[in-house]
Amino acid sequence: MKILTVKNLKKYYETGENRVKALDGINLSIEKGEFLAIVGTSGSGKSTLLNMLGGLDNPTEGEVVIDGQDISGLTRDELTILRRRKIGFVFQNYNLLPLLNVYENIVLPMKLDGRMPDEMAVDEILALLHLEEKKYAMPTQLSGGQQQRVALARALFGKPTIVLADEPTGNLDSRTSQDVLGLMKVSAEKLGQTIVMITHNEEIAQLADRIIRLEDGHIVRGGEEHA
């Protein structure tokens, strides 16, 4: 079952008299439960594509369809609701709120959506990510790897359909990177989630089910064409 489909996606930026084609006709389908890695050099369009998939930016042309819904026609408020309920984000810089403890950071998106967190589910995901003893710790009391696991727990906890990870191991050492990505993959498999990760690290990308490579706004490997 296809959970995310991109059709003829284009994103152009006008800079003076020049037109920068950040994405230039991307076609891509992602299956439910798939772990997809997007690789490419700086400026290849990786982050732009991830922003489009998460509804954080609007395309110049084309469609992004999530779970059967074309998100390009949604209002800002509708996109906000969709992101809260169907998309989890993991960023390189963790983006934890420093005045909230681990538990409060994890449940914040759900509370913002007006839902009450399941306390047992919180404990389960903390155990899955080996954070049981850090439940009430503040971000400043955590190592980089622990902070990234908290960010991952926050992304996974609301059971979103898709998890979008932007260089999630960029600030971590090799061993911690392998641990975090392994936990991400196991967690998503248990929760039936789809992961789309961008990375510059070819070794990390090998953990994915499929790798696509972007160059100059085009998919040059691992994609598929749509009629």
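Author: Start with a definition. A salt bridge is a side-chain nitrogen of Lys or Arg within 4 Å of a carboxyl oxygen of Asp or Glu.

Reader: OK, how many salt bridges by this rule?

Author: The count comes to 11. Keep in mind that this is a predicted model, where local features need pLDDT of at least 70, side-chain atom pairs count only at pLDDT 80 or more, and totals for chains, interfaces and linings use all residues. Residues are numbered from 1 along each chain as its sequence is written, and side-chain values use heavy atoms, with hydrogens and water left out.

Reader: Which residue forms a salt bridge with lysine 2?

Author: Glutamate 31 does, and the closest N and O atoms are 3.3 Å apart. Lysine 2 sits in strand β1 and glutamate 31 in strand β2, 29 residues apart. Strands are DSSP runs of E, at least two residues; helices are runs of H or I, at least four; both are numbered from the N terminus.

Reader: And what does lysine 10 pair with?

Author: Glutamate 61, at 3.8 Å, N to O. Glutamate 61 is in strand β4 and lysine 10 in strand β1, so the pair ties together parts 51 residues apart in sequence.

Reader: Is lysine 10 buried or exposed?

Author: Buried, with a relative accessible area of 19%. Buried means under 20%, exposed over 50%, and partly exposed in between, using a 1.4 Å probe and protein chains only. Glutamate 61 is partly exposed, at 39%.

Reader: Which residues are linked in a network?

Author: Arg85, Asp113 and Arg115, through salt bridges. Aspartate 113 and arginine 115 meet at 3.0 Å, N to O. Aspartate 113 is buried at 13%, and arginine 115 is partly exposed at 30%.

Reader: New topic. What order do the strands take in the sheet?

Author: The order is β2-β1-β4-β5, an open sheet with antiparallel pairing. Two strands pair if DSSP finds at least two bridges between them. The edge strands, β2 (18-31) and β5 (69-70), each pair on one side only.

Reader: How many bridges join β1 to β4?

Author: Five. Leucine 4 stands opposite isoleucine 66 in β4.

Reader: Last one: which residues of α3 meet α4?

Author: Val102, Tyr103, Ile106 and Val107 meet Glu119, Val122 and Leu126 in α4. Contact means heavy atoms within 4.5 Å.
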